[in-house]
Structure formats: C-alpha cells, structure tokens
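My entries follow the display.

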Amino acid sequence: MKISFLVPAFFLALFVSCAKSVSPLQISCMDTICTINAYDDGSKKLYSQIEKRLEQIDSTFSISNPSSDISKINRLSKSQSLVVSDDTAYVLEVALKTAEISQGAFNPALEELISLWNINSSNPKVPESSLIQKALSCSDWKTIHVNGNTVQVDSDSVKINLGGIAKGFAADEIVEILKTNGVKKAVIDLGGNIYVFGKKSSSLKWNVGAKDPEEPDGDPLIQIKTSETSVVSSGTYERYFVEDSIRYHHIFDPETGYPADKNLTQVTVISRKSIIADVLSTTAFVLGKDKTLELQDVFQKEFSTKIDFIFVEKGNIVSWTENPDIEIITTLRPPCINEGGINQ
Ligand code: ADP
Ligand code: MG
C-alpha cells in the first residue's frame, strides 16, 4: 500500500467544474439539495423520471415518514417480520456487510443514539452519559436479519437509521436511469455525494473537489481528476454544534456513543459504486486511517470495486491511496478552477 502525502493543506469543498448547456434539475430531497445535470441529453421527461425515483427513495429511507420501510422495521416486535422493497433489502444488506467487516464502526442500528443527540434540532445539547449508554444498549446490529426481502429484528428496542448510506444508493440509481436513457455525460450531486461520468469535453476529465474542513465555505483543498467515479466526503464540518468550546459532529463512534475522534476532520472515498463510497466515508471516519487502510482490500473484494481514500487529519494533513486512473491535485490554496459548474 502506497500512501502519498501532502503536508499542511488548507481546504476541501465538493465542487465539480464543467461547461453547462442545459439547466440542471435541482430539487430538495433526502434532507439536502440534489442537482442532476445531463447536459445536452437532459429533458423535462428525463428529469421528471429522476425526480420521481429520488422521491421514492427518500420516502423509503426516511426516518420521519411513518410509512417508510425504515419506520415499519423500527416498529417491529421480536416475533414479527416484514417484507420490504428490493431497495431496502439491498441497502440494508450492504450496511450489515459493512458493519460486519468494520466490526460495527458503521452501525445501521444507531437510530436511538442519533435521535438522542438530535444534532439537527434547533438547540442540541450533549446528552447525559447514562442516556448515551442506554441508547447504545439498543444498537446491536447483529439482531437484524435480512433473508431475501424479509427483515426480522431479534429485539424490541433496536432501531435502524440508514442516513449514512442512502444518498450513495440514490446516486447509483440516478446514474442507472441516465445511462439507460442514453445520457452521455452527467454530474449527479446529492448534497455533496457526487457521481460524474462521460467526458466533460472532448479531451478534459471532470474535476471534483472536496471542502476544506477548516474553511468549508472557502476554496476546495483537493481536486480529483477523473472520467467516471463517485466521490463522497464525510467530515466534522457538515452537521455539528458547539458546547463549552467543543465541537460535537454527526458521525458517532458506536463504541463510545460520542462523535468519532480518530484525529480526522474529513474522509473522502472514491469508487464507481456510490453506495460504497457513501457507506465507507462514514465508516472510515469512525475507524480512523490505519484501520481503514488495513481493511481496504477486504472492502474491495467484498464489494467488487476499486476503492480509494483521501484522509484529512487535524491540522489539514492530507494523505491518500494511490490509483493511476485518478489524478489527485493538491496544492496549498490552488487557484479556483471551477468553470461555472457546481460549487458546494
Ligand atoms: P452526511 O449524511 O452528512 O452525508 P454521512 O454519509 O457521513 O454524512 O452520514 C452521517 C449520518 O450517518 C449521520 O447523520 C447519522 O444519521 C448516521 N451515522 C452517524 N454515525 C454513524 C455510524 N457510526 N454508523 C452508521 N451511521 C451513522
Ligand atoms: Mg456516508
């Protein structure tokens, strides 16, 4: 395993630069802004098909929708089982496999803890440690069983949340629709969960960037030149609150019940399967750099896809796994090369 290093770098913002000729579809979905640009192949009909699919995925995985598969699973008692959609069964299986390989660093059964911290509320507070322990006692992902489309949970208190993987799944589904409809190039941006394919122009590759954890509204820190891939970042700057000068972010370490702290401020994952990039950005953030690198091959074999990682450690120390097909450009404050594309 070769790791390249860039010493103190400054920033990372997910952006994609490209020439635009057709207005992209932009909708609010999955708790974020989703933008899909199919360029010259974009049409009202195509965008409406994509919008419907996004809304369907949103309603399947939404924790707040009482009729979603997820809410129904969370209401199951021990003796019951539920037949779920193909989407739910597939995403849950990938989530459980990731939980198994990461030994629970990614935990799809963390809903009690996530809702206890309630980081998205207007006035979040650090919960009492006894409540954190209680929530952790309801997070045993090994009690969840998926057999075909049937889900059964060996517990009355375990509740699932697939917020760390659903957007990646949605991005893959949109790519499928676009390609089936003959779209030759596209940028899919589901709140920073990016997928690009096709040629940006006759000779140019796409340029995807990721935010500076220390200055998320500033210029991107890293630019990833690629012809086709998904790029997904998880970081401490996305959703957080500050109490007693300490920042509490939204990615939890299931071993402690507190926000993960493995000296990282951001992990970016590059893979042609967005569901894998999404689930592993959250996972790697919890595992830390060394354990993630130890597991890189296991993940690649299990999910049959090349997976690359870019780590940003505290102090903006950047390192990444090498892939000859992907060029990673990192300079201190590189000139902004966004040519009017999406700048997150
Ligand atoms: P974002 O949702 O901002 O794109 P992530 O993909 O990293 O970021 O997912 C973070 C979300 O995943 C959290 O908001 C929470 O719902 C859920 N989550 C937090 N910690 C974990 C964990 N250890 N395992 C599984 N899901 C988690
Ligand atoms: Mg994720």
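In what order do the three strands of the open sheet stand, and is the pairing parallel or antiparallel? I read the order as β5-β7-β6, with antiparallel pairing. Here strands are DSSP runs of E, at least two residues, and helices runs of H or I, at least four, numbered from the N terminus; two strands pair if DSSP finds at least two bridges between them.

I noted the conventions: this is a predicted model, in which local features need pLDDT of at least 70 and side-chain atom pairs count only at 80 or more, while totals for chains, interfaces and linings use all residues. Residues are numbered from 1 along each chain as written, chains are lettered from A and ligands numbered from 1 in the order written, and side-chain values use heavy atoms, without hydrogens and water.

I found β5 (81-83) and β6 (144-147) at the edges, each pairing on one side only. β5 pairs with β7 (residues 150-153) over three antiparallel bridges, and L82 stands opposite V151 in β7.

Helix α1. I checked the length of α1 (residues 44-61): its 18 residues should span 26 Å at 1.5 Å a residue, taken as 1.5 Å times one less than the number of residues. The end C-alpha atoms are 26 Å apart, which agrees.

I listed L46, Y47, I50, R53, L54, I57, T60 and F61 as the buried residues of α1 (buried is under 20% relative accessible area, exposed over 50%, partly exposed in between; 1.4 Å probe, protein chains only). They fall within an arc of 150° seen down the axis, so they line one face of α1; the arc is that of the directions from the helix axis to the C-beta atoms. K44, K45 and K52 are exposed on the other side.
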